[in-house]
Amino acid sequence: MPLDFVKETDDLKSFSRRFVLSPQQWAAFNCPLILAWQRVKFEPPNWTHVPEATGIYAFVVECPGSQFPPHGYVMYIGITKRDGGGNLRKRYKQYFTEKRVLKRPKVHYMLNKWPQHLYFHYSEVPDRQWDIRDLEQRLCDALIPPFNQNDFSAKIRKRVRAFRD
């Protein structure tokens, strides 16, 4: 019995993440754009539903089912890069390589830890309409996703490093 408890507790602990749920950070988020978020389950065939447009995206772990209230956990926020012809569809596809190849350990871990519950949320942001890197930083500062590392403003980055290390 004690070994079952230890194993089950360790298994449960392996799914835990530290989240910051700060109403002050949420209230500080300001964006003159209206972000029209869309979502697809993160599975290979769904790449066709993702547009070939510049934008911002988030990986969210969601608990599906009618027995639970709708909810999810924003794990990572990213952007398409203007240089190199990046777009949301291309970026979506690139994450399947990252899922197989250990390039960025935290992202690789995230992609493989919740494979049945990972969703790709995205919003198109027309090129030149907004500094997309600034938008990424603002969203990261507001939500403080656990798998982002360097995408915060200098002020928030210091605070995040202080409590994550």
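User: How many salt bridges does a search of the whole structure find?
Analyst: The model is a predicted one. Side chains of opposite charge can pair when their charged atoms come close. Counted over the whole structure, the salt bridges number six.

User: Which residue meets Glu 52 in a salt bridge, and where does that residue lie?
Analyst: The side chain of Glu 52 meets that of Arg 89, at 3.8 Å from N to O. This pair links distant parts of the chain, 37 residues apart: Glu 52 belongs to the loop between β1 and β2. The partner is therefore Arg 89, and its place is helix α3.

User: Is Arg 89 buried or exposed?
Analyst: The cut-off for buried is under 20% relative accessible area, and that for exposed is over 50%. Glu 52 has 60% and is therefore exposed. Arg 89 has a relative accessible area of 19%, so Arg 89 is buried.

User: What is the N to O distance in the salt bridge between Glu 98 and Arg 91?
Analyst: Glu 98 counts as buried because its relative accessibility is 7%. Arg 91 counts as buried too, with 15%. The side chains of these two residues meet in a salt bridge, and the N to O distance is 3.5 Å.

User: With which side chain does the side chain of Arg 91 make a polar contact?
Analyst: Among the residues touched by Arg 91 are Ile 79, Thr 80 and Tyr 57. The polar contact, at 3.1 Å, is made with the side chain of Tyr 57.

User: In β4, which residue is the bridge partner of Tyr 57?
Analyst: Strand β2, residues 55-62, runs antiparallel to β4, and seven bridges join the two. For Tyr 57, the bridge partner in β4 is Tyr 122.

User: Which residue of β4 is the bridge partner of Lys 41?
Analyst: Strand β1 covers residues 38-41 and pairs with β4 in the antiparallel sense, over four bridges. Within β4, the residue bridged to Lys 41 is Tyr 119.

User: How many of the residues of strand β4 are buried?
Analyst: Strand β4 pairs with β1 and is also joined to β2. The strand runs over residues 118-124 and is mostly covered. Of its seven residues, the number buried is six.

User: Why are Asp 134 and Arg 138 separated by about one helical turn, and how far apart are their closest N and O atoms?
Analyst: Both residues are in helix α5 (residues 132-143), and they are about one helical turn apart because four residues separate them. Asp 134 is partly exposed, with a relative accessible area of 23%, and Arg 138 is partly exposed with 28%. The two form a salt bridge in which the closest N and O atoms are apart by 2.7 Å.

User: What is the accessible area of the nonpolar patch formed by Leu 21, Trp 26 and Leu 143?
Analyst: Leu 21 is in the loop between α1 (2-13) and α2 (23-28). With a relative accessible area of 64%, Leu 21 is exposed. Together with Trp 26 and Leu 143, Leu 21 forms a nonpolar surface patch, whose accessible area is about 310 Å².

Definitions and conventions: Residues are numbered from 1 along each chain as its sequence is written. This is a predicted model: local features need pLDDT of at least 70, side-chain atom pairs count only at pLDDT 80 or more; totals for chains, interfaces and linings use all residues. Side-chain values use heavy atoms; hydrogens and water are left out. A polar contact is a pair of N or O atoms within 3.5 Å; within protein, one must be able to donate a hydrogen and the other to accept it, and residues adjacent in sequence count only if both atoms are side-chain atoms. Contact means heavy atoms within 4.5 Å. Patches are made of residues with over 30% relative accessible area and no salt bridge: like charges are joined within 9 Å, nonpolar side chains (Val, Leu, Ile, Met, Phe, Trp, Tyr) within 5 Å. Accessible areas come from the Shrake-Rupley method with a 1.4 Å probe; for residues, only the protein chains shown count as cover. A salt bridge is a side-chain nitrogen of Lys or Arg within 4 Å of a carboxyl oxygen of Asp or Glu. Buried means under 20% relative accessible area, exposed over 50%, partly exposed in between (1.4 Å probe, protein chains only). Two strands pair if DSSP finds at least two bridges between them. Lists of a residue's contacts leave out its neighbours within four places in sequence.
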